[in-house]
Amino acid sequence: MAKIIVVTSGKGGVGKTTSAAAIATGLALRGNKTVVIDFDVGLRNLDLIMGCERRVVYDLINVIQGEAGLNQALIRDKRTENLHILPASQTRDKEALTPEGVEKVLETLSQEYDFIVCDSPAGIEHGAQLAMYFADEAIVVTNPEVSSVRDSDRILGLLASKTRRAERSEPPVREHLLITRYDPNRVTSGDMLTLEDVREILAINLVGLIPESEAVLRASNQGVPVVHDMDSDAGQAYADTVSRLLGEDVPLRFHEYQKKGLLSRMFGGGRR
Amino acid sequence: MSLNMDRVASAFTFKGGMLPMTVMELTSADPEQIRAQLAGKVSQSPAFFQHTPVVLSVEQLDEPHLALERICAVCRAHKLLPVAVRGGTDPVKQSAWALGLGWFPPQEARPRAVEEAPLAAEPQPEGEASPAPAVGRIYRGTVRSGQQVTAPEGDLVVVGAVNPGAEVLAAGSVHVYGPLRGRALGGIHGDRQAGIFCKELHAELLSLAGNYKRLEDIDPRLLNQPVQVQLRDDQLNISSLG
């Protein structure tokens, strides 16, 4: 049985798809058979980030509506073994995403894969709720700013009440906090919330901290998940995140990284 | 942080409010029976019947059609002002609207345990007369944005944080053993003795028996402090518990 992980946030633009792509790739690189599903019907992006947009023929909605088999819609990743992508539909109506249909797809995938990563759309509507409904674990992607933290808080409330595990009174969805676009310089200057601020409000386990990095934008535009770029800080941070997801104890990095010339400010604050 | 509500040209502003409201839970649809009971109540506590706004709850009734107009007339004759109807069938809703009353959906399935003695002879102008001693509610964990935790009777104790965008309400007092960053409303049925207590004050809104203070109105020196909030002369009085 696969472990179903939803990557969600409430707020848009915080790095859900980037994180879903990087984490799914990271899990596959560690030898886990992994599939990543785009739930963002109508605004499909995952295929671009994964660099397989030209190979999309069928999508999740086609499968749900019985117009294509699951194996026809799954795209094998070219770079990484054990990794498949199930794209969203760009043209269909998002109402076509039914709970029964999604359950059936997840059940079938569960037989074959170790991990199913669900890339949630932004918001708290139908698509987002469906993406999280069947999850065993949730990665809540949060930027160090107040609106993102509040939206993540809202999502955590939904995870505790609007998931299959909650409705069946099973053990709750395991919640992980992933802080992205963290810029220690701007934290020091007071422009951003500190790591501690975010952790204090959301009060869940921190699974990773991804520094603001040019590597992420470059990776997105090239369609290569950033974990492949192990020279970059973001790539390493995602690799650490994957290790922690797999239960390893990895010390936190990059939360006090400073650019050259600012070393003196490094110990001024935020060190924990 | 300003909501920009003070534009010169605007004739009004919409504000969310939590007002104490008496709910008249009907267990009979017979206007005459209601009249008889009301007459008895008026003699018991005349002070209560002074154009007091009430919400007529018809959830307990199992009748698709109600003589709503006659019931309202009986209420008005006893100086109760029906302002809205709660629950009931679609025809009930339509006739409420036709009478210029608001309509509220029925409350979600509530425990019916305390309702075996409906409308007990309780002279106090409280929301729902409850014969049983008020039982509180203890909530463990973080109350998150968008969540609402209510103690319809008695005190509410939250062992954890109340985050921004969350709301905690109690008929009695609200106790938060953690940071209070959301909205806290005590005495929601009008209990003026109720208080709010928290370990760390950063509330968006504090309200007791309908009187409220916003975060902006709170003395900054009290922020992030353990405090108690009490009602004094219709003013919320916040004092440090440190």
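In chain B, D234(B) and R192(B) form a salt bridge whose closest N and O atoms are 2.5 Å apart; the term denotes a side-chain nitrogen of Lys or Arg within 4 Å of a carboxyl oxygen of Asp or Glu. D234(B) lies in the loop between β14 (227–232) and β15 (235–240) of chain B, and R192(B) in the loop between β10 (183–186) and β11 (196–201), so the pair ties together parts that are 42 residues apart in sequence. Helices (H or I, at least four residues) and strands (E, at least two) are DSSP runs, numbered from the N terminus. This is a predicted model in which local features need pLDDT of at least 70 and side-chain atom pairs count only at pLDDT 80 or more, while totals for chains, interfaces and linings use all residues. Residues are numbered from 1 along each chain as its sequence is written, chains are lettered from A and ligands numbered from 1 in the order in which they are written, and side-chain values use heavy atoms, with hydrogens and water left out.

**Salt bridges within the chains**

- D234(B) is partly exposed at a relative accessible area of 42%, and R192(B) is partly exposed at 45%; buried means under 20% relative accessible area, exposed over 50%, and partly exposed in between (1.4 Å probe, protein chains only).
- Over all chains, a search of the whole structure finds 25 salt bridges.
- In chain A, the side chains of E137(A) and K3(A) meet in a salt bridge at 3.3 Å, N to O.
- Because E137(A) lies in strand β6 (residues 137–142) and K3(A) in strand β1 (residues 3–8) of chain A, the pair ties together parts that are 134 residues apart in sequence.
- E137(A) is buried, with a relative accessible area of 3%, whereas K3(A) is partly exposed at 34%.
- E216(B) forms a salt bridge with R214(B), with the closest N and O atoms 3.8 Å apart.
- E216(B) is exposed, with a relative accessible area of 54%, and R214(B) is partly exposed at 34%.
- K3(A), E137(A) and R174(A) are joined into one network by salt bridges that share partners.

**Interface of chain B and chain A**

- Contact (heavy atoms within 4.5 Å) links 11 residues of chain B with 10 residues of chain A.
- About 840 Å² is buried between chain B and chain A, and carbon and sulfur atoms give 39% of this area; buried area is the accessible area (1.4 Å probe) that two parts lose on being put together, summed over both.
- On the side of chain B, R144(B), S145(B) and R181(B) lose the most area to chain A, together 57% of what that side buries.
- The rule finds three salt bridges across the interface; the side chains of D153(A) and R144(B) meet in a salt bridge at 2.8 Å, N to O.

**Surroundings of R30(A)**

- R30(A) is found in the loop between α1 (16–29) and β2 (34–38) of chain A and is partly exposed, with a relative accessible area of 39%.
- Not counting residues up to four places away in sequence, R30(A) touches V242(A), S243(A), L246(A) and E248(A).
- The side chain of R30(A) makes a polar contact with the side chain of S243(A) at 2.9 Å.

**Positive phi values**

- A203(A), a residue other than glycine, has a positive phi near 50 degrees and lies in the loop between α10 (195–202) and β8 (205–211) of chain A.
- K79(B) is not a glycine but has a positive phi of about 60 degrees; K79(B) is in the loop between α2 (68–77) and β3 (80–86) of chain B.

**Chain B and confidence**

- The secondary structure of chain B comes to three helices and 15 strands, and 40% of its 242 residues count as buried.
- Chain B has a mean pLDDT of 82, and 85% of its residues reach 70 or more; pLDDT is the predictor's confidence in each residue, from 0 to 100.
- Over residues 109–132 of chain B the pLDDT is below 50, and this stretch has 34 contacts in the model beyond near neighbours in sequence.
- Where pLDDT is low, the predicted coordinates should not be read in detail.
- The model scores ipTM 0.76 and pTM 0.69.

Conventions. A polar contact is a pair of N or O atoms within 3.5 Å; within protein, one must be able to donate a hydrogen and the other to accept it, and residues adjacent in sequence count only if both atoms are side-chain atoms.
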